[in-house]
Amino acid sequence: MSFFDSVLDASVVLSFDRSGFRRHAKRFVSADMQVSMQGKTALVTGANSGIGFSVSKALAALGATVHLACRDEGRGQRALEAIRAELPSADVHLQKLDVSLLADVRRFADTLPGPVDVLVNNAGVLPDTMTRTREGHEVTFATNVLGPHALTSALMPRLVVAKGRVITIASGGMLTQKLNLHALQGQVAKFDGVVAYAQTKRAEVILSEQWATKQAEVTFSTMHPGWADTPAVRSSLPTFYSMTKSILRTPEQGADTAVWLAVAPRLAGKSGLFWFDRAPVSTHPLGFTKEAPEDREKLWALVETACATLKA
Ligand SMILES: NC(=O)c1ccc[n+]([C@@H]2O[C@H](COP(=O)([O-])OP(=O)(O)OC[C@H]3O[C@@H](n4cnc5c(N)ncnc54)[C@H](OP(=O)(O)O)[C@@H]3O)[C@@H](O)[C@H]2O)c1
């Protein structure tokens, strides 16, 4: 990377925005995406809009069988039809899944047919008020951490058989947060949606690193998309959106690294990394965010205990 690139990347804005994508894209290897995913099966959560929709469409275009896991049947159906309209030979299927509910994850994992080569844990929320699911978990934590962990766990035998890949869409927002297990679960005097969200994204990255040490047959990756113009950004961060809308990435640009992680060759030995624009990046550019080893273990124990109902 040139000195000029390092300075622009350090600015964050000129890295996370669309100019950052265009600059980073100059080092992309186009042959990486010229692969056939024929015969491979991918599952994308939150596939009906934004980054999840773009990932699903790109994987379908490369020939993969793609399951769109969506919580709302109508929105999911519209996404399915939009992909089929653009790619008439696409092998895409709609699956109903509310990833925030462990019981629904269990039902879904039991009924999903066949092997899984690629799991993209994309569904995510950033609510500004604290609510709990009917299973009693704070919604951000349930959607962004517990459900994806339970889904990954439940599909693990099929991912192992396929020597598959698990890609989780994290966020650059997590870079400002040190893991706090109370804030992560919404156990705070005053709920701050942005902090709760960033905590869940920090947890996603740590769990992916832990999975990588436990399961060598599967490649685990987290990535952050930069700032992309999606329904979530418009509705959850209206002030941020109004200030940045002219420089936001397209959903396709935000999705690019996730698609690349799903299909690119040469990922052997690179499990457990955090990626941005097809390059591994530091999870702790700000020194103070490094969590204690015991907190990492507590996090794993916490999600495993919560998900135990799924295995019962
Ligand atoms: N856009 C960005 O700049 C940005 C930056 C950093 C990270 N991210 C991450 O990227 C991922 C995708 O977000 P996006 O920006 O593309 O926003 P989006 O267009 O709003 O997509 C979010 C998707 O998640 C789905 N979802 C939410 N809760 C769900 C649940 N309980 N079960 C199943 N699906 C659920 C939504 O479904 P509904 O349509 O039914 O709500 C929607 O399809 C998220 O994990 C987000 O945190 C995005």
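Ala, Val, Leu, Ile, Met, Phe, Trp, Tyr, Cys and Pro count as nonpolar, Asp, Glu, Lys and Arg as charged, and the others, Gly among them, as polar. The exercises below concern a predicted model.

**Exercise 1.** State how the lining of the largest pocket divides by class, and which element gives the most to this lining.

*Solution.* 
1. The largest pocket has a volume of about 1300 Å³. Its lining is made up of 47 residues, and Gly124, Val125, Tyr197, Thr230 and Ala232 are the closest to its centre.
2. Sorted by class, the lining of the largest pocket holds 24 nonpolar, 19 polar and 4 charged residues.
3. At least two lining residues come from each of α4, β2 (65-70), α7 (139-161), α9 and α10. With 5 residues, α10 gives the most to the lining of the largest pocket.

**Exercise 2.** Locate the ligand and describe the shell of residues around the ligand.

*Solution.* 
1. The ligand takes up the space of the largest pocket.
2. Two or more residues of the shell around the ligand come from each of α4 (50-61), α9 (193-214) and α10 (231-236). Here α10 gives the most, with 3 residues.
3. There are 29 residues around the ligand, and those that come nearest are Ser49, Asn122, Tyr197, Ala228 and Thr230.
4. By class, the shell around the ligand has 14 nonpolar, 11 polar and 4 charged residues.

**Exercise 3.** Describe the second largest pocket by volume, lining and class.

*Solution.* 
1. The volume of the second largest pocket is about 460 Å³.
2. Its lining consists of 22 residues, with Asp9, Phe16, Leu175, Val281 and Pro285 nearest its centre.
3. The elements α1 (3-10), α2 (13-16) and β8 (279-280) give two or more residues to this lining. The most come from α1, with 3 residues.
4. By class, the lining of the second largest pocket divides into 11 nonpolar, 8 polar and 3 charged residues.

Technical notes
Residues are numbered from 1 along each chain as its sequence is written. This is a predicted model: local features need pLDDT of at least 70, side-chain atom pairs count only at pLDDT 80 or more; totals for chains, interfaces and linings use all residues. Side-chain values use heavy atoms; hydrogens and water are left out. A residue is near a molecule or strand if one of its heavy atoms lies within 4 Å of it. On a 1 Å grid over the protein atoms alone, a cavity is a set of points where a 1.4 Å probe fits but cannot get out, and a pocket is an open set with protein on both sides within 12 Å along at least five of seven lines; lining residues have an atom within 4 Å of a point. A molecule sits in a cavity or pocket if more than half of its atoms lie within 2 Å of its grid points. Helices (H or I, at least four residues) and strands (E, at least two) are DSSP runs, numbered from the N terminus. Grid points are joined across faces, edges and corners, and a volume is the space filled by probe spheres set on the points.
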